[in-house]
Amino acid sequence: MTKYIATMILVAAMVVLMGCAQASGGTDPVEPPVDPAITYTVTFDVNGGNAVATLVAEENTTVNLPAATRTGYTFDGWDTNADGAADSNSVTLTSNMTAKALWTVNRYTITFDECDDRINLWDTDVTSITAEYGTVVELPSRSNGHVTYNYSNIISFDGWSATKDDWDGTADYPTTYTMGASNVTLYIAYH
């Protein structure tokens, strides 16, 4: 029985000591669970432009939206409200969202070089043409003419070329040109 009383005293002492340790700032061995952060995703509909990586951020975080690129177009901004208008370049995330790129098509100019320094073909010059990127442009035509340095030679108009002095009878662009993403000079092609 003495053993039993000694064991009970020892257990009671341990309970008292543990209680004192916790009361004096000891740590609780069981930590409460931490809630995981809520995250949201911004997905980008580039609307014909180059790909833009998805953004992921925690709830109520303000993120800056990246610029987008597209050949032949100017980026106007992101439509984040599905209303067809460009919104702010930053958003505060409170849910998943899709941002749609808005674009304005660029306009470029075709200038025509008729090699007036070498041939005397026409009384008037061809007027330059300005059109939107990707537009198929009808190119002006010219009648036959005479070489300036030798009026006995008649030349025939073949169309327009990307290089000067195209005398071989083939034109890069006989009647039409698809507007590229920059201004261009086309040269008369003849034989």
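Tutor: A nonpolar core is a set of buried Ala, Val, Leu, Ile, Met, Phe, Trp, Tyr and Cys residues joined through side-chain atoms within 4.5 Å. Please bear in mind that this model is predicted.

Student: Which residues touch the most other members of the largest nonpolar core?

Tutor: The largest nonpolar core has 16 residues, and Val42, Phe44, Val63, Leu65, Trp78 and Leu93 touch the most other members. Strand E1 (39–45) and strand E6 (97–105) each supply at least two residues of this core, and E6 gives the largest share, four residues. A second, separate core has 15 residues, among them Tyr108, Ile110, Leu139 and Trp160.

Student: Why is Gly134 called partly exposed?

Tutor: Buried means under 20% relative accessible area and exposed means over 50%. Gly134 has 41% relative accessibility, so Gly134 counts as partly exposed. Gly134 lies in the loop between strand E9 (129–132) and strand E10 (136–138).

Student: What makes strand E7 (residues 107–113) and E9 a pair?

Tutor: Two strands pair if DSSP finds at least two bridges between them. Four bridges join E7 to E9, so the two strands pair, and they run antiparallel. In E9, Ala131 is the bridge partner of Tyr108.

Student: Why do E9 and strand E13 (157–161) stand at the edges?

Tutor: The open sheet of four strands has the order E9-E7-E15-E13, with mixed pairing. E9 and E13 each have a single partner strand, so one side of each is left without a neighbour in the sheet.

Key. Residues are numbered from 1 along each chain as its sequence is written. This is a predicted model: local features need pLDDT of at least 70, side-chain atom pairs count only at pLDDT 80 or more; totals for chains, interfaces and linings use all residues. Side-chain values use heavy atoms; hydrogens and water are left out. Buried means under 20% relative accessible area, exposed over 50%, partly exposed in between (1.4 Å probe, protein chains only).
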